[in-house]
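Hi,

Please have it open while you read.

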Amino acid sequence: MGKSAKLEFSSKSEKPAEQWGNGLEFLFSCISLSVGLGNIWRFPYIAFQNGGGTFVIPYLIALLVIGRPVYYLEISLGQFTGRGVVKAFDMAPLLKGVAVGQVLATAASITYYSSIMALTLRFLLASFGAELPWSRCWESWGSDCHDGSAQNATGKMSPAQLYFEREILHELPNIDNGLGLPNWQLVACLAVAWFIIGGVLIRGIKSSGKAAYFLGVFPYVVLLILLLRAVTLPGAMDGIIYFFKPQWRELLNPLVWYAAVTQVFFSLAICFGTLITYASYNNFNRNVYNDIVIITTMDSCSSIIAGCITFGILGNLARETGVTDIGSVVKGGAGLAFISYPEAIAKFEYVPQALAVPWAWAPASCGLFGITWGHRVRRPFGCWPAGWLSWALV
């Protein structure tokens with residue numbers, strides 16, 4: 001009897017200080033976490049690097065075979081234990097190294113997610129001008145630029161690509177003279193990003209749950225508007241067909257499957273410890289199966305929509321530049337989303353700034369939500385900033 005009472009007291013003392021206001025807050029928060037930079041920014045360029053349709057098939061298979069079961073496992077673990085990622089593995093001490101690995105993975109991903117957020121803030125500031133700076137060719141770009149009016153633009157680049165590479169990143173053709181000094185504008189945007197993150201971290205789960213209602217819907221509104229514009233551009237269907245048409249021989253390439261599995265982990269934010277934290281604030285008896293089906297389905301749909309937008313724009317650029325191979329129309333890599341989305345926005349004839357501002361804010365807000373939750377993994381509420389450093393152990 002004494003042991004039972006002691007166990008009951010211990011359980012009550014470890015009860016989370018805060019919980020979700022209702023089930024919808026948990027659902028929309030998971031959607032906001034999953035539907036973010038992994039879909040809007042990462043999925044298009046990973047698909048582009050791995051052959052478009054050749055990548056989509058392994059991605060969908062990995063989503064169903066690996067992504068959804070692991071998502072269900074992490075949600076169940078967090079809801080059952082009601083504890084943070086490290087403490088949740090007290091039930092299997094041998095696996096505590098896995099929990100520590102999740103903490104380190106989260107810390108590593110946060111560093112470059114904050115950098116991507118800084119880039120989106122830089123685009124956000126540029127969107128408030130009377131004219132979008134990537135909507136025309138600049139004199140300083142010389143003959144490397146085409147604005148879509150030239151009959152033969154082979155070998156040239158779009159204003160959006162040149163603006164991103166030369167005005168945002170300030171890329172150099174080589175590093176013979178060194179890397180140079182950091183760009184003060186990007187440094188300022190990165191500092192603002194971290195200030196915003198710190199400000200949001202001061203707040204508790206209640207404020208994040210309310211914000212999730214907006215963050216779970218807003219990116220879809222922006223993506224659907226961009227999708228409608230992208231599919232109406234000349235040559236867009238060629239790009240979309242490239243996106244869905246697989247090269248069957250490449251399906252035997254293990255690197256394509258490796259990229260697909262990696263994308264599923266990034267897209268759903270599984271094995272980062274954050275989902276365990278989300279579920280730890282749930283009601284112990286909540287049935288989360290339907291939530292998981294909804295979340296994983298919306299996540300895959302948002303990735304496909306983002307892919308259609310990006311490849312639709314690439315098809316249009318291929319038509320304008322006379323390039324027959326869509327896979328070589330632009331330089332691939334992590335900056336692909338910062339070329340394709342602005343290019344689509346610049347195609348709007350009337351007040352493109354009205355869409356440029358929401359577009360720039362959508363990935364920034366998604367990144368902010370994911371980053372702050374990556375930091376707020378079961379930290380002691382009210383213990384700021386000292387408690388922040390021990391967030392993974394509580």
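Let's start with how the elements are named: helices (H or I, at least four residues) and strands (E, at least two) are DSSP runs, numbered from the N terminus. Ala269, for instance, sits in the loop between helix H12 (254–268) and helix H13 (274–280).

Two notes on where the values come from. This is a predicted model, in which local features need pLDDT of at least 70 and side-chain atom pairs count only at pLDDT 80 or more, while totals for chains, interfaces and linings use all residues. Residues are numbered from 1 along each chain as its sequence is written, and side-chain values use heavy atoms, with hydrogens and water left out.

Back to that loop, where the backbone is worth a look. Most residues other than glycine have a negative phi. Ala269, which is not a glycine, has a positive phi near 60°. Cys271 is found in the loop between H12 and H13 too, and its phi is positive as well, at about 65°, although Cys271 is not a glycine. For burial, the cut-offs are under 20% relative accessible area for buried, over 50% for exposed, and partly exposed in between (1.4 Å probe, protein chains only). Ala269 is buried because its relative accessible area is 10%, whereas Cys271, at 29%, is partly exposed.

Next, the cysteines. A disulfide is a covalent bond between the sulfur atoms of two cysteines. Here the rule is a pair of cysteine sulfur atoms within 2.5 Å, and the count by this rule comes to one disulfide. Cys137 and Cys145 form that link, with their sulfur atoms 2.0 Å apart. The angle about its S-S bond is -75°, and the link of Cys137 and Cys145 is left-handed. Cys137 is partly exposed at 26% relative accessibility, while Cys145 is buried at 9%. Elsewhere, Cys189 is buried with a relative accessible area of 6%, and Cys301 is partly exposed with 39%.

Now for helix packing. Two packed helices are described by the angle between their axes and the distance between the axes. The axes are lines fitted to C-alpha atoms, for helices over the stretch in contact, and angles run from 0 to 180 degrees between N-to-C directions. Contact means heavy atoms within 4.5 Å.

Helix H10 (residues 218–231) packs against helix H15 (residues 337–346) at an angle of about 70°, their axes being 10 Å apart. That makes H10 roughly perpendicular to H15; angles under 35 degrees count as roughly parallel, over 145 as roughly antiparallel, 65 to 115 as roughly perpendicular and the rest as oblique. On the H10 side, Leu223, Leu226 and Arg229 meet Tyr341, Ala344 and Ile345 in H15.

Helix H3 (residues 37–49) and helix H6 (residues 96–126) cross at roughly 85°, and their axes come within 12 Å. H3 and H6 are therefore roughly perpendicular to each other. Leu37, Gly38 and Trp41 in H3 meet Tyr112, Tyr113 and Ile116 in H6.

Is Thr310 buried or exposed? Thr310 counts as buried, because its relative accessibility is 0%. Leaving aside residues up to four places away in sequence, Thr310 touches Pro44, Leu336, Ser340 and Tyr341.

Enjoy exploring!
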